[in-house]
Amino acid sequence: QVQLVASGGGLVQPGGSLRLSCAASGSISRIATMGWYRRAPGNERNMVAFITNSGSENYAGSVKGRFTISRDSENTVSLPMNNLKPEDTAVYYCNANTSPDSRTDWGQGTTVTVSS
């Protein structure tokens, strides 16, 4: 089991930037991927980005080129977000997938609001 704490959300104007961070604890050695999902008002939770242990990065088309996912250490992942748009407004959730049990664990969520 992995415990995750997400931070870094806030209120920014369109075109602004934020950096989300996620810190993991627990079965760190079992983590295969870490990533970010988001839930916008009125929508389902959707994948934003994830990164594998081999360093392969994957992005939703709506954020590619604006967001970057990075493994800053064995147990931390960050998501610098640039050129934020109102449609990026959502609660962002960090997750981790572990192997070989194929568990998915979730953080508590951090809110990003992009508005003038």
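The secondary structure of this predicted model comprises zero helices and eleven strands, where strands are DSSP runs of E of at least two residues and helices are runs of H or I of at least four residues, numbered from the N terminus. The radius of gyration, taken over C-alpha atoms, is 14 Å, close to the 13 Å that the globule rule (2.2 Å times the number of residues to the power 0.38) gives for 116 residues, so the protein is as compact as a globular protein of that length. Residues are numbered from 1 along each chain as its sequence is written. Local features need pLDDT of at least 70, and side-chain atom pairs count only at pLDDT 80 or more, whereas totals for chains, interfaces and linings use all residues, and side-chain values use heavy atoms, with hydrogens and water left out.

Of the 116 residues, 39% are buried, that is, under 20% relative accessible area with a 1.4 Å probe, protein chains only. Strand 9, residues 90-98, is mostly covered, with seven of its nine residues buried.

Strand 9 pairs, in the sense that DSSP finds at least two bridges between two strands, with strand 4 (residues 31-39) in an antiparallel arrangement over eight bridges, and within this pairing Met34 has Ala96 of strand 9 as its bridge partner. Strand 9 is also joined by three bridges to strand 11 (residues 110-114), again antiparallel, with Ala90 opposite Val112 of strand 11. A further three antiparallel bridges link strand 9 to strand 10 (residues 104-106), where Asn97 stands opposite Thr104. In the hairpin of strand 9 and strand 10, five residues lie between the strands, and Ser102 takes a positive phi near 60°.

Terms used. Buried means under 20% relative accessible area, exposed over 50%, partly exposed in between (1.4 Å probe, protein chains only).
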